[in-house]
Amino acid sequence: MRRRFTNLRIPAGGSETRPATILAVDGRIQEITSPAAEPAEEDVESLDLGGRLVLPGAIDGHVHFDDPGFTHRETFETGSRAAAAGGVTCVVDMPCTSLPPVTSLHNLQAKLAVIEAKAHVDYMLWGGLSHNALASPEWRRDLAEIVAAGVAAIKVYMLSGMDSFRDLSRPQLRDAVEEVARHGVPVGVHAEDREMVRELTGRLRAEGRDEPADYAASRPAAAEIAAVETMREICRETGARVHIVHVASGGALDIVSAARDEGLPMSAETCPHFLQFTLSDFREQGALLKTAPVVKDPADRERLWKGLASGELLFVATDHAAGQWPEEKRTGSIWTDYGGVPGVELSLPYLLSEGVGRGRITLERLTEVTASEPARFFGLEHRKGRLAPGLDADLAVLEPDERWTVRAEGLHNLNRYTPLEGYELKGRICQTYVRAEPVYSRSSDGSERFGKPGFGGRIERESRTTS
Ligand SMILES: [Zn+2]
């Protein structure tokens with residue numbers, strides 16, 4: 001199958017673009033040429049993209065698609081459909097929010113059996129280590145087996161709210177991280193200090209306080225900073241490749257940066273909600289914007305944007321996690337309302353609009369933090385992450401100047417709500433291709449088409465060492 005994408009523009013360094021033609025053969029990019037060099041060929045299907053901007057399909061390294069086990073929140077079909085509509089061509093799904101959790105080969109296979117017929121886009125799976133998993137005398141063997149089976153990385157929690165995937169104590173964490181390091185894959189850490197948060201939570205709830213600001217006060221920046229400091233120590237002790245997921249505070253990023261200056265193999269990601277919102281938004285929006293960690297102050301937000309531009313933050317992931325709407329977000333108490341926001345569909349247009357559009361990052365940097373850096377991190381760069389010959393023809397096609405207003409009812413995941421409701425963004429996804437096949441398209445009259453669920457395929461981690 002030969003398909004030529006014509007009349008399009010691609011990034012050309014900085015925030016420049018240039019006209020190009022992309023030839024895909026059997027789903028992979030064969031060559032990228034300038035339009036003048038286009039040879040006339042007969043056995044090629046030609047697709048005119050109308051002068052639009054083409055970016056490498058985004059890789060969302062942190063999604064919770066909840067399948068199987070919590071499918072009242074999300075399913076792999078609905079989550080990956082939203083990904084397709086958001087220009088995301090590969091997702092990396094977390095091990096903790098499905099049942100059974102991905103902590104053994106048996107559980108990994110059980111999950112694959114359920115989701116493989118559902119995926120609209122390609123996917124990788126995180127494996128995990130939990131308190132529950134470490135209770136088994138076979139946990140080291142289980143870990144070795146899921147790594148051998150190609151999980152993308154291993155997730156651990158320093159503070160978890162899930163009974164089926166409990167957090168690790170400091171000694172357990174050290175053991176777990178050391179063991180993961182022996183396999184040469186990264187460990188992704190939810191970093192909030194358990195003792196500090198539990199103590200604050202207990203005190204605030206005992207006082208009967210129940211406002212968003214109280215929940216925020218139970219998970220202060222100090223809790224994240226203390227946890228990242230602990231991980232720096234463990235990184236020093238073990239040499240493990242440590243990645244801090246969803247960094248919210250400038251202080252936590254400072255520690256990761258200092259660790260890197262020290263030569264330690266540490267990195268971090270942040271999420272669109274931490275780049276956009278602060279505590280005053282949380283006070284206003286309440287549970288709609290409830291996440292862990294919690295959004296922080298304007299100074300933190302500016303520090304994160306700066307770190308995204310400078311390379312101190314490795315990439316952006318969404319931590320897409322949708323609670324049942326409205327039931328789980330309107331329980332009557334901020335303490336019991338579900339924590340998590342859907343994000344997979346809006347991340348790429350958000351970063352184009354508020355990052356590139358406002359001059360905070362270049363277009364080139366956008367493609368790094370949404371595609372090439374996560375591809376490298378997850379051992380996926382042999383397949384994805386760049387527009388380059390030999391790689392999958394995964395394309396996000398955007399109308400870069402279209403202004404549109406975000407509406408939850410227009411999203412495509414299962415439970416539709418968003419803290420970005422009513423925000424105007426500049427730049428909109430109009431088509432998404434995975435391996436040169438259309439998985440999403442929106443025509444000028446607004447009608448939308450999706451590819452078939454099950455087209456998306458699983459990808460195993462290739463390399464066992466990461467920089
Ligand atoms: Zn998460």
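Trainee: In strand 9, which residues point the other way from Ile-154 and Val-156?
Mentor: First, this is a predicted model, where local features need pLDDT of at least 70 and side-chain atom pairs count only at pLDDT 80 or more, while totals for chains, interfaces and linings use all residues. Residues are numbered from 1 along each chain as its sequence is written. Strand 9 covers residues 154-157 and all of them are buried (20 or more other C-beta atoms, placed from the backbone, within 10 Å of a residue's own; exposed is 12 or fewer, partly exposed in between). Ile-154 and Val-156 point one way, and the other way point Lys-155 and Tyr-157.

Trainee: Which residue is the bridge partner of Lys-155 in strand 10?
Mentor: Strands (E, at least two residues) and helices (H or I, at least four) are DSSP runs, numbered from the N terminus, and two strands pair if DSSP finds at least two bridges between them. Strand 9 pairs with strand 10 (residues 187-190) in the parallel sense over 4 bridges. Strand 8 (residues 127-128) also pairs with strand 9 in the parallel sense, over 2 bridges, and there Lys-155 is the partner of Gly-128. In strand 10, the partner of Lys-155 is Gly-188.

Trainee: What is the handedness of the β-α-β unit made by strand 9, helix 5 and strand 10?
Mentor: Helix 5 spans residues 170-182 within this unit. With the strands pointing away from the viewer, a clockwise path from the first strand over the helix to the second counts as right-handed. The unit here is right-handed.

Trainee: How far apart are the end C-alpha atoms of helix 5?
Mentor: The expected span of a helix is 1.5 Å times one less than its number of residues. Helix 5 has 13 residues, so it should span 18 Å. The separation of its end C-alpha atoms agrees with this: 19 Å.

Trainee: Which residue just after helix 5 takes a positive phi?
Mentor: Helix 5 has buried residues, among them Leu-173 and Val-177. Just after the helix comes a residue with a phi of about 75°, Gly-184.

Trainee: Which strands stand at the edges of the open sheet?
Mentor: This sheet has 8 strands in the order 3-2-1-4-14-15-16-17, with mixed pairing.

Trainee: Which residue in strand 17 is the bridge partner of Tyr-440?
Mentor: Strand 16 (residues 437-442) and strand 17 run antiparallel, joined by 3 bridges. The partner of Tyr-440 is Phe-450.
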